[in-house]
Amino acid sequence: MMAVWDLLSEGQSPRKYRAGQLVYLQGTQPQCFYYLAAGSVRSFISTDSGEERVLTVHQTGDLMGEASFFDGCPRVTSAMTLEECLILPVDRQQLDAAFQRHPELAMPMLQHLAQTVRTLSGHVGAASLPANQRVARCLLSQPADAGSIIHSTHEALGQAAGLSRVTISRVLGELSTQGLVSLGYRTITVLDWDGLKTLAFAI
C-alpha cells in the first residue's frame, strides 16, 4: 500500500520529526491526517487518571489520524514518534488535489478506512480475551518482512496488546513451544500464519 500513498506526497516534502515528538493530540480538532514516509509512531489513548494504552505502532508507509479527519470529530487518540521520522501532513485541499490527479486513490482509501474501523473494533473486543489470543491478534496486526519476521520488542508488544512484559514473554514462549513462532533478538518470526490465525480467532 505504501506505493499508493506515495501519490499523496507529489509536490510536497515530508516534515522531519525528532524522536519523542507529539504528532497530534487526543481531543483536538483534526485539520489534516498524516502519511508516515519514514520511521515509527505509537498511537495511544490517555485516560482521565493519566494512564496510556497503546493501540498500535505505525510503521513506514502507514496513514495516521485519518478516521477523525474524515468524520470531523475530535481525535480519540494521540500519536508520538518512537524515532526520528519523516511525516507528511495531508489537509483537505491536498487530498482533493490528489484525488483529481489520481482518481484511482479512492478505492484504496475506502478499503483502508474500512480496515481502520475493523481494527478499532478489534481493540475494543480484544480487552476481554485471554492473553494468548490477544498476543496472537497483536502479532497478526504487525508488519512483517518477506521472511515473516516481525521487528518488535516485548515491551512494544505489551503496550500494543495491553499486557505486561512478563505476560508477553510467557505467551511468546508458549507460542514458540507450539511451533507457531520463533524468537530472536528484537524479532519474532512467524512460522505458521494459519495456526496463529486459528488461535487468535478461536471461539
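Tutor: Two strands pair if DSSP finds at least two bridges between them. Helices (H or I, at least four residues) and strands (E, at least two) are DSSP runs, numbered from the N terminus. This is a predicted model, in which local features need pLDDT of at least 70 and side-chain atom pairs count only at pLDDT 80 or more, while totals for chains, interfaces and linings use all residues. Residues are numbered from 1 along each chain as its sequence is written, and side-chain values use heavy atoms, with hydrogens and water left out.

Student: Happy to start with the sheet. What is the order of the strands in the open sheet of 4 strands?

Tutor: In a regular strand the side chains alternate between the two faces of the sheet. Here the order is E2-E7-E4-E5, with antiparallel pairing. E2 and E5 (52–59) each have a single partner strand, so one side of each edge strand lacks a neighbour in the sheet.

Student: How many bridges join E4 and E5, and which residue stands opposite Ser-43?

Tutor: E4 and E5 pair over 7 bridges, and Thr-56 in E5 faces Ser-43. On to E7 (residues 78–81): 2 bridges join it to E2 (residues 22–24), with Tyr-24 opposite Ala-79. Another 4 bridges join E7 to E4 (residues 40–46), where Arg-42 stands opposite Met-80.

Student: Good, now the helices. At what angle do the axes of H5 and H7 cross?

Tutor: Two packed helices are described by the angle between their axes and the distance between the axes. Axes are lines fitted to C-alpha atoms, for helices over the stretch in contact, and angles run from 0 to 180 degrees between N-to-C directions. The axes of H5 (residues 131–141) and H7 (residues 165–177) come within 10 Å and cross at roughly 80°. That makes the two helices roughly perpendicular (65 to 115 degrees).

Student: Which residues of H5 meet H7?

Tutor: Ala-131, Asn-132, Val-135 and Leu-139 do, against a set in H7 including Ile-168, Val-171, Leu-172 and Leu-175. Contact means heavy atoms within 4.5 Å.

Student: Which residues touch the most other members of the largest nonpolar core?

Tutor: In soluble globular proteins, nonpolar side chains tend to be buried together. A nonpolar core is a set of buried (under 20% relative accessible area, 1.4 Å probe, protein chains only) Ala, Val, Leu, Ile, Met, Phe, Trp, Tyr and Cys residues joined through side-chain atoms within 4.5 Å. Of the 21 residues in the largest one, Val-135, Leu-139, Leu-172 and Leu-175 touch the most other members. H5 gives the largest share, 5 residues.

Note on methods:
Parallel < 35°, antiparallel > 145°, perpendicular 65-115°, else oblique. Buried < 20%, exposed > 50% of the residue type's maximum accessible area, 1.4 Å probe, protein only.
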